[in-house]
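Let's take a walk through a protein model together.

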Amino acid sequence: MGGIQERGGSLMFKPSALAYTYDGSFEGLLCCVFESYTWKEIPLAVHSEGEEQGLLLESKWIETDKHKAERVLKSIPLRISPEAEELVRLGFWSNTPEKELLLLNFLYLGFKHGRKVMNMLADDTVHALQKAVQQLRREGHLYLGFVRFSVYGPVMAAVIEPQGYILPVIQEHFCDRFQGESFMIYDQTHEVALIHEPGREAIIPLSGWTPPEPDEAEEAYRRLWTGFYHAIGIKERRNERLRSSLMPKRYWKHMVEMNGSNGVPALAAAQRKKALQQEPPESIGSLRASLRQTNTHT
Amino acid sequence: MEKLEILTASAKYDVACTSSGSDRKGQAGSLGSTAAMGICHSFAADGRCISLLKVLMTNACVYDCAYCVNRKSNPVRRAAFTPEEIADLTMQFYRRNYIEGLFLSSGIMRNPDYTTEQLISALELLRNVYHFNGYIHVKAIPGADDVLLSRLGLLADRMSVNIELPSQESLGILAPDKSKISILKPMGLIKDKIKENSSDIVKYNHAPRFAPAGQSTQMIIGASPDTDYQILNLTEGLYRKYSLKRVFYSAYTPVIEDSLLPSLDTKPPLLREHRLYQADWLLRFYGFQANELLDEAVPNFNPLLDPKCSWAVNHREQFPVEINRAPYEMLLRVPGIGVRSAQRIVKARRAATLDFHALKKLGVVLKRAQFFITCKGKPLEGLKVSEHTLLRSLMSGQQLAPYQPAQVEQLTLFDDHYAAALPAAGGWAEFKKGAEA
């Protein structure tokens with residue numbers, strides 16, 4: 001806190017025993033910045049609505065006002081830099097504790113030092129924000145690979161459970177890659193979904209969605225993929241620790257080959273064995289035929 | 001299903017896994033895009049990344065290379081995919097986001113030309129009929145006709161020819177059907193095509209791109225007696241002469257009994273492979289040259305120190321460097337400072353003078369870097385530089401654990417084996433002086 005008081009001093013800000021409460025939206029947070037500047041006061045905490053409030057501070061409700069938010073937002077690239085605007089946006093999507101206060105402090109610093117703040121990587125506030133954003137970006141990047149779609153007739157759907165709010169980070173990638181497809185990526189943690197149809201896309205609130213049962217063709221491709229996954233590892237080089245560090249276990253739940261809704265690999269193997277005993281190994285050709293059949297049925 | 005597993009198991013020793021180097025946006029009417037930084041879609045139980053559907057067209061091969069699981073004389077089950085099956089699997093896996101694209105290789109069917117034609121028909125189906133716009137890595141078959149290889153290169157993002165063994169002698173013994181010439185010829189062709197094509201792109205906007213992600217190769221480590229020095233020199237030559245994008249190293253995993261090869265119970269030399277990758281990084285991103293890292297006198301990497309630490313310990317006259325003044329190139333040579341942290345240092349020192357506390361926040365591994373740097377002219381307070389502390393700090397036992405065989409005899413600090421990395425007698429006092437000055 002010492003740092004803020006010092007900086008506040010030069011800006012003639014009053015450290016106050018206040019907490020701000022806002023509606024939890026990005027615009028709402030920008031209004032907190034507006035408020036803080038208007039009254040030259042520094043809140044000790046910023047809470048979003050409905051969040052547990054630990055400190056016994058006098059709380060002030062900050063109303064979200066589009067125009068105020070826009071004024072603050074416009075000033076960031078002008079008075080700091082366009083990169084700072086991106087950093088603030090991504091910082092807001094991260095799940096770092098007390099991100100609001102962190103962003104507020106970063107903006108105080110930015111409005112004081114201007115463009116230079118982006119180089120102040122050794123400053124505690126800048127460092128903490130960079131780290132939070134780095135973490136969000138890293139998780140977003142991991143999800144470019146870890147998202148697993150299931151094909152349900154003409155549409156595809158995937159469920160993810162990320163720590164950060166990463167849908168906006170991965171949106172462009174998937175919408176560009178699957179331009180011609182209709183798909184949905186459902187973020188269970190934040191209860192939102194990215195919906196895409198050719199030519200249209202949006203992130204919308206959605207809660208309690210569960211994926212439908214996979215059809216035969218979908219099951220077949222899941223088995224093929226799980227089989228591929230197990231065949232590609234070299235057993236002489238088995239290295240659980242390395243795997244878990246590159247692909248942490250919390251991602252496994254929604255990945256077909258690890259633990260997906262297709263059941264544990266052992267089960268898939270047992271099913272395969274049974275199938276092999278009963279009939280000649282299915283070829284991909286026959287699989288395609290059955291896929292075509294199910295497609296005409298639906 | 002079974003077929004996929006056979007042809008995957010046969011391809012798994014190919015280590016190239018990256019999907020990087022091509023940057024292509026999605027297109028209306030086609031499926032897929034490529035990302036310059038590459039995307040790993042999963043990680044196998046051995047910890048290696050899976051980004052491509054890595055399969056062979058067939059594991060039936062007319063060649064008899066001793067190290068290869070698919071050699072003619074090895075009694076394994078054989079299978080083959082049709083081009084349609086390859087294309088279908090790729091599309092279906094890609095839609096589900098299991099993969100970033102296809103890695104297609106093959107055993108030699110009949111002859112190199114026929115095999116290449118098969119590869120071409122699979123890729124033509126994918127690109128022209130299924131409109132697949134994702135990543136494709138294809139193996140160039142040594143000995144195939146130039147015209148066929150050129151057609152193949154126009155369909156793929158990356159093309160590679162495996163060097164397999166680091167010297168002509170080893171190749172002669174273990175892969176009698178291949179020769180240095182047969183491998184380097186297609187490599188040269190690919191290089192020339194890429195070069196020629198990049199000038200075409202300037203002339204004609206719509207010239208199709210020839211292997212836009214470049215070419216790579218791999219060699220097997222530990223199947224032949226070649227030294228790290230030979231391997232690294234060869235690598236450097238490949239980067240320079242053939243403009244390769246990547247050289248991969250594959251610790252030899254014994255798959256067949258052969259009097260010419262290490263016995264079946266030999267553990268793959270994973271630590272050696274790891275050291276070579278570290279050195280490869282130093283060549284590509286840190287401005288090092290092969291002969292700075294190794295020479296005829298010390299032809300192999302130290303198992304206990306990484307190549308950069310080894311180099312630094314042997315070049316104490318260049319240290320310590322002052323963090324607030326040293327050029328970027330010199331920062332990169334400090335153990336414990338990587339490309340990212342060096343960039344951050346350069347950026348952050350424009351805003352403020354840096355101290356040790358700040359370096360930690362920038363991602364510098366002080367445990368290693370402390371012996372080689374000063375901040376504002378001073379070394380880290382309380383820093384003791386003795387043989388013992390320095391070497392202990394530079395050796396990262398825990399990090400190396402995964403690469404060590406489970407039961408290895410305990411290597412002692414003063415083993416002959418790595419005495420080469422130890423500074424000459426008397427050097428320590430000077431080094432300490434240097435660090436305190």
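This is a predicted model: local features need pLDDT of at least 70, side-chain atom pairs count only at pLDDT 80 or more; totals for chains, interfaces and linings use all residues.

Residues are numbered from 1 along each chain as its sequence is written, chains are lettered from A and ligands numbered from 1 in the order in which they are written, and side-chain values use heavy atoms, leaving out hydrogens and water.

Let's begin with helix α5 of chain A, residues 99–113. Helices here are DSSP runs of H or I with at least four residues, strands are E runs of at least two, and both are numbered from the N terminus. From first C-alpha to last, the 15 residues of α5(A) reach 21 Å, close to the 21 Å expected (that is 1.5 Å times one less than the number of residues). Is this helix buried or exposed? It's mostly covered, with 13 of its 15 residues buried; buried means under 20% relative accessible area, exposed means over 50%, and partly exposed is in between, using a 1.4 Å probe and protein chains only. Just after α5(A), A:G114 takes a positive phi of about 70 degrees.

Now for the meeting of the chains. In all, 67 residues of chain B are in contact with 63 residues of chain A, contact being heavy atoms within 4.5 Å. About 5,900 Å² is buried between the two chains, and carbon and sulfur atoms give 58% of that. Buried area is the accessible area (1.4 Å probe) that two parts lose on being put together, summed over both. On the chain B side, B:M1, B:R95 and B:R96 lose the most area to chain A, together 14% of what that side buries.

What about charges across this interface? The rule finds six salt bridges between chain B and chain A, where a salt bridge is a side-chain nitrogen of Lys or Arg within 4 Å of a carboxyl oxygen of Asp or Glu. One example is B:E273 with A:R237, at 2.8 Å from N to O. In another, B:K25 pairs with A:E172, their closest N and O atoms being 3.2 Å apart. B:K25 lies in the loop between α1 and β1 of chain B and A:E172 in helix α7 of chain A, so this pair joins two chains. A:E172 is exposed, because its relative accessible area is 55%.

Other salt bridges stay inside chain A. A:E139 and A:R250 meet at 3.1 Å, N to O. This pair links distant parts of the chain: A:E139 sits in helix α6 and A:R250 in the loop between α9 and α10, 111 residues apart. Which partner is buried? A:E139 counts as buried because its relative accessibility is 5%, whereas A:R250 is partly exposed at 41%.

The loop between α9 and α10 also holds A:K253, whose partner A:E161 is in the loop between β7 and α7, 92 residues away.

Finally, A:E35, A:E41 and A:K60 are linked in a network of salt bridges. Over all chains, a search of the whole structure finds 34 salt bridges.
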